[in-house]
Amino acid sequence: MRLPADTTIAEDKLTRYLLLPQARGDKSAFLAKAGYTLENADHLLRDLRTQILPLDAMALESNKFGKLYEIRGTLAGPNGVTLAVRTIWMTEHLSGVTRFVTLIPDKRGTR
């Protein structure tokens, strides 16, 4: 299944979480390998929307907030390096809005 093209990807999720170095669960160093930085967060946003969101999503579990989905794929970064990623998305029960939740390195690679 495909998630809606108008799925919400909050800029704060990129600039205050994914691209900002964290003491635990840091993803910024992984994303930096492909050239993604705080200074070009808009590039990551565009690439998530054009390279990952159009791929097939696999339903995971539901929780009290919504239904979770996973999309695995590759991100070709601004420097030409390609990263295998696993992304999580959620369709909220109350609003019906689908949102980007997180991105993690895909240790299994792509299918």
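A residue is called buried when its relative accessible area is under 20%, exposed when it is over 50%, and partly exposed in between, with a 1.4 Å probe and protein chains only. By that rule, Trp 89 is buried, with a relative accessible area of 0%. The model is predicted, and local features need pLDDT of at least 70, side-chain atom pairs count only at pLDDT 80 or more, and totals for chains, interfaces and linings use all residues. Residues are numbered from 1 along each chain as its sequence is written, and side-chain values use heavy atoms, leaving out hydrogens and water.

**The sheet**
- An open sheet is formed by 4 strands in the order E1-E2-E3-E4, with antiparallel pairing; strands are DSSP runs (E, at least two residues), as helices are (H or I, at least four), numbered from the N terminus.
- Strand E1 (58-62) and E4 stand at the edges with a single partner strand each, so one side of each has no neighbour in the sheet.
- Two strands pair if DSSP finds at least two bridges between them; E3 and E4 pair in the antiparallel sense over 7 bridges.
- Ile 88 stands opposite Thr 102 in E4.

**Aromatic rings**
- The whole structure contains 1 aromatic pair, where ring centres of Phe, Tyr and Trp (its six-membered ring) must lie within 6.5 Å, and planes under 30 degrees apart count as stacked, over 60 as edge-to-face and the rest as tilted.
- Trp 89 and Phe 100 form this edge-to-face pair, at 5.1 Å centre to centre and 70 degrees between the planes.
- Trp 89 lies in strand E3 (residues 82-92) and Phe 100 in strand E4 (residues 98-105), so the pair ties together parts 11 residues apart in sequence.
- Phe 100 is also buried, with a relative accessible area of 5%.
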